[in-house]
Amino acid sequence: MSTKALQKFGPVRSGAVVGVVLAGGEGRRMGPGALKPLRLLAGRPMVAHVVDRLRPQVMDLVIVANDPAPEFRGLGVPVIADPPDIQEMARREGRRLGPLAGVLAGMEWARDHHPHCGWILTAPADVPFLPLDLTVRLCGLMHVPEPDVLMVRHGKRREHTLAIWSVKLAADLRRAILEEGMRRVETFAQRYAFEELVWPGNAAPFLNVNTPAELSEAMRRLERVR
């Protein structure tokens with residue numbers, strides 16, 4: 001970390017983090033076919049690449065997916081759905097409630113299974129080239145006093161679902177979703193102590209695969225590194 005960064009963020013403090021892969025998106029831009037996280041990339045579901053890159057960086061890992069496809073179970077990682085009352089609200093509204101529902105599911109799972117772990121790291125299931133040093137860099141910016149939310153930025157793009165979250169926000173997040181109709185990740189995050197990690201390299205590790213063309217680009221990239 002640079003001297004300037006150390007001056008801004010203070011002493012480095014890192015700790016245990018639970019990884020949460022958000023696999024609940026509808027993926028409409030991908031067109032008909034398998035769920036977007038389960039589209040094959042080099043012969044494996046795209047979400048499997050995310051799991052492989054994130055699992056060594058965290059103390060435990062869970063996937064949030066509301067569609068109980070058996071392919072998720074084959075990844076060797078716990079798979080959970082959004083909390084039942086959140087799912088009921090989604091049914092009443094006739095639509096999914098977005099990534100915040102998955103963030104809440106991850107917070108509550110981490111709190112129940114690792115009560116002494118205060119943080120989750122969320123990552124979308126469609127970013128198959130996540131940096132292998134992502135958690136190290138993020139935890140390097142967890143300072144005293146600690147931010148409640150720390151998001152990744154590369155260039156002009158802020159990755160709203162690639163972030164570390166304090167599980168202390170779970171009750172507030174539940175109220176915001178159910179009582180306020182909160183849906184925007186950034187709007188909720190900026191209510192609290194909020195910081196960014198400006199990624200030091202280029203945007204290549206954050207290729208977001210939303211379309212068949214982007215899936216083809218991911219395939220070409222994997223072929224180049226073989």
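**Notebook: salt bridges, cores and a helix pair**

I began with R137, which is partly exposed at a relative accessible area of 35%. My cut-offs here are under 20% relative accessible area for buried, over 50% for exposed and partly exposed in between, using a 1.4 Å probe and protein chains only. A note on what I am looking at: this is a predicted model, in which local features need pLDDT of at least 70 and side-chain atom pairs count only at pLDDT 80 or more, while totals for chains, interfaces and linings use all residues. Residues are numbered from 1 along each chain as its sequence is written, and side-chain values use heavy atoms, with hydrogens and water left out.

**Entry: salt bridges**

I looked up the partner of R137 and found D133, joined to R137 by a side-chain salt bridge of 2.9 Å, N to O. I count a salt bridge when a side-chain nitrogen of Lys or Arg is within 4 Å of a carboxyl oxygen of Asp or Glu. D133 is partly exposed too, with 29% relative accessibility. The rule gives 16 salt bridges.

Next I checked R153, whose side chain meets that of E196 in a salt bridge, again 2.9 Å from N to O. R153 sits in strand β7 and E196 in strand β9 (residues 194-198), so this pair links distant parts of the chain, 43 residues apart. I take helices (H or I, at least four residues) and strands (E, at least two) as DSSP runs, numbered from the N terminus. Both R153 and E196 are buried.

Then I turned to R158 and E186, where the closest N and O atoms of the salt bridge are 2.0 Å apart. This pair also links distant parts of the chain, 28 residues apart, with R158 in strand β8 and E186 in helix α8 (residues 185-189). R158 is buried, at 16% relative accessible area. What I liked here is that salt bridges with shared partners join R153, R158, E186 and E196 into one network.

**Entry: T161**

I stayed in strand β8 for T161. T161 is buried, with a relative accessible area of 16%. Setting aside neighbours within four places in sequence, I find T161 in contact (heavy atoms within 4.5 Å) with L22, P99, T122, A123 and P124.

**Entry: nonpolar cores**

For a nonpolar core I use buried Ala, Val, Leu, Ile, Met, Phe, Trp, Tyr and Cys residues joined through side-chain atoms within 4.5 Å. The largest one has 36 residues, and V47, I63 and F72 have the most contacts inside it. Elements giving two or more residues to this core include α2 (46-54), β4 (60-64) and β8 (157-166). α2 gives the most, with five residues.

Back at α2, I see a mostly covered helix, with seven of its nine residues buried. Those are M46, V47, A48, H49, V50, V51 and L54.

**Entry: α4 against α7**

Last, I looked up how helix α4 (residues 84-93) packs with helix α7 (residues 170-180): the angle is about 20° and the axes are 11 Å apart. I call α4 roughly parallel to α7, since angles under 35 degrees count that way, over 145 as roughly antiparallel, 65 to 115 as roughly perpendicular and the rest as oblique. The axes are lines fitted to C-alpha atoms, for helices over the stretch in contact, and angles run from 0 to 180 degrees between N-to-C directions. D85, I86 and M89 of α4 make the contact with R174, I177 and L178 of α7.
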